[in-house]
Each structure stands twice: as structure tokens, then as C-alpha cells.
Amino acid sequence: MIITSKSNPIIKSVQSLSDKKFRKQFQSYIVEGIKPVKECISAGCNIERIICVGQYESVFPDATLVNESVFKSISSEKTPQGVLAVVKIPQNQVVPPEKSCLLLDCIQDPGNLGTIIRTANAAGYGEIYAINCTDPFSPKAVRASMSGIFFVSVRQGTREEILATLSGIPLICADMGGKDIFNFAPPEKFCLCIGNEGAGLSAEIKSQAAETVKIPMRNTCESLNAAVSAGIAMYALRKNNY
């Protein structure tokens with residue numbers, strides 16, 4: 001049976017997940033695209049439902065089938081591929097990290113957040129602590145993570161809760177007033193702290209820094225994009241620590 005009505009209860013529930021309020025209420029998010037859905041399955045994520053148009057029925061035999069018009073109504077893509085999954089948001093507790101990790105302080109752009117998650121997965125930072133950040137499970141952040149969201153643990157909490165959890169782990173803060181990161185030897189286990197796109201890190205986090213590092217730049221450049229800075233810093237600090 002193919003769903004042809006946009007007012008179908010299944011379709012309306014999926015549509016609601018474009019809103020953060022309903023993602024929080026239902027504890028579910030959307031993964032869209034053939035490759036991301038396949039990687040989501042391979043990663044062992046808790047998938048509630050796969051929805052696709054008829055041409056992908058043989059690829060996803062247990063999927064709910066819809067026509068192209070209905071699929072477009074639930075897609076956040078400009079040119080939908082015709083496959084999406086509804087996935088449960090993992091309930092990651094704020095617990096101490098097993099290895100070196102990231103702390104993200106008020107990252108507000110979902111594209112930046114998703115890109116940081118993508119790079120963290122690539123660079124081996126499996127635990128990310130998020131304080132007052134944009135929703136990592138929004139469609140734009142999930143898309144920018146390029147499946148990285150399936151392979152890292154995003155732990156969201158208050159500044160007080162997260163700093164208490166990270167007590168005893170050296171905080172390495174990225175800030176323009178710090179040491180040259182390329183001449184810095186990090187400890188074996190650390191937490192790299194990345195701040196807001198405009199305001200940087202909060203005074204509270206800076207005050208607890210074990211070290212502060214910077215990415216050297218020409219004087220013709222004032223700053224780098226937050227996701228670019230995070231990526232450079234992640235790899236610079238891991239160069240002797242794989």
C-alpha cells in the first residue's frame with residue numbers, strides 16, 4: 001500500500017519532526033538520503049521507520065511507501081532522493097569521557113555544529129559535550145554531519161553539570177590569546193573547548209582552562225569560521241596522540 005495523502009497520520013508525525021519542539025517530545029529525528037540511511041542502519045541506530053518512494057522498495061523492503069508528492073512534503077531537501085528514516089535520539093548521559101573529547105560552548109549555526117561533528121568523528125573525538133548549542137539533531141545539522149552523528153556521543157547539559165563532569169580533565173581552550181597550537185604538546189587525555197561563533201568561550205570555561213591555544217594567522221585575517229577552527233585544532237592536538 002502506498003500512502004498518497006499528506007494528511008495521513010504517519011506523514012503528519014514525520015512532518016512535525018522538522019520542529020525542535022516535536023523532536024524533543026517524540027525523541028526522534030530524521031535522516032534523509034540513500035547513503036545516510038544505509039549508514040544509519042549499518043551504525044546500528046534505533047530506526048523507527050523508513051519511508052521511501054516506490055523505486056527504492058527493493059533496497060528498503062520494510063519501508064513505508066509514499067508517492068513523490070507526499071515525500072516532498074516531508075523532505076527538507078531541495079532535490080529529495082526519495083528515502084528517509086525516522087530515528088530515535090540516543091539518550092547520552094553526561095558522564096566522564098573515556099578518551100580525549102570536545103566541549104562546544106554555544107555553537108549556534110547548525111551547519112557549523114554538523115561539520116564539527118563530522119570532523120570529530122574523522123579525527124577520533126568520540127564524545128562531544130554541548131552547552132547551549134543549536135540542536136545537533138536538526139535536519140541541517142544532521143545533513144552537515146555527513147553521518148558523523150551516528151558515530152559520536154553528543155552529551156548535552158548545563159555548563160555547571162558538564163564542567164563538574166569534566167573535573168580533573170585538562171581543558172584546552174581555543175582562543176586568540178593562547179599559545180601557538182602547532183608548538184603545543186597536549187597531555188595524553190584532554191578536552192578541547194570551542195566557543196560561540198561570535199563571542200567565543202564563556203569566561204567561566206576560560207577560567208578553568210589548563211591551557212589556551214590559538215591558530216596562528218596572517219594579520220590580514222581576523223578570525224576563522226568556528227567549524228574550520230575546530231577542525232584544525234582537533235587534528236593539531238591529535239598529531240602525536242593516535
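Colleague: How many bridges join β3 to β4, and do they run parallel or antiparallel?
Modeller: In this predicted model, three bridges join strand β3 (residues 47-53) to strand β4 (residues 64-66), and the two run parallel; strands are DSSP runs of E, at least two residues, numbered from the N terminus, and two strands pair if DSSP finds at least two bridges between them. Local features need pLDDT of at least 70, side-chain atom pairs count only at pLDDT 80 or more, and totals for chains, interfaces and linings use all residues. Residues are numbered from 1 along each chain as its sequence is written, and side-chain values use heavy atoms, with hydrogens and water left out.

Colleague: What stands opposite Cys52?
Modeller: Leu65 in β4 stands opposite Cys52.

Colleague: And what is the strand order in the open sheet?
Modeller: The five strands follow the order β1-β4-β3-β5-β2 with mixed pairing, and the edge strands, β1 (2-3) and β2 (28-32), each pair on one side only.

Colleague: Switching topic, is Arg155 buried or exposed?
Modeller: Arg155, which sits in strand β8 (residues 153-156), is buried, with a relative accessible area of 11%; buried means under 20% and exposed over 50%, with partly exposed in between, using a 1.4 Å probe and protein chains only.

Colleague: What does the side chain of Arg155 reach?
Modeller: The side chain of Arg155 reaches the backbone oxygen of Gln93 at 2.7 Å, and a polar contact of 3.4 Å joins the side chains of Arg155 and Glu127. A polar contact is a pair of N or O atoms within 3.5 Å; within protein, one must be able to donate a hydrogen and the other to accept it, and residues adjacent in sequence count only if both atoms are side-chain atoms.

Methods: Helices (H or I, at least four residues) and strands (E, at least two) are DSSP runs, numbered from the N terminus.
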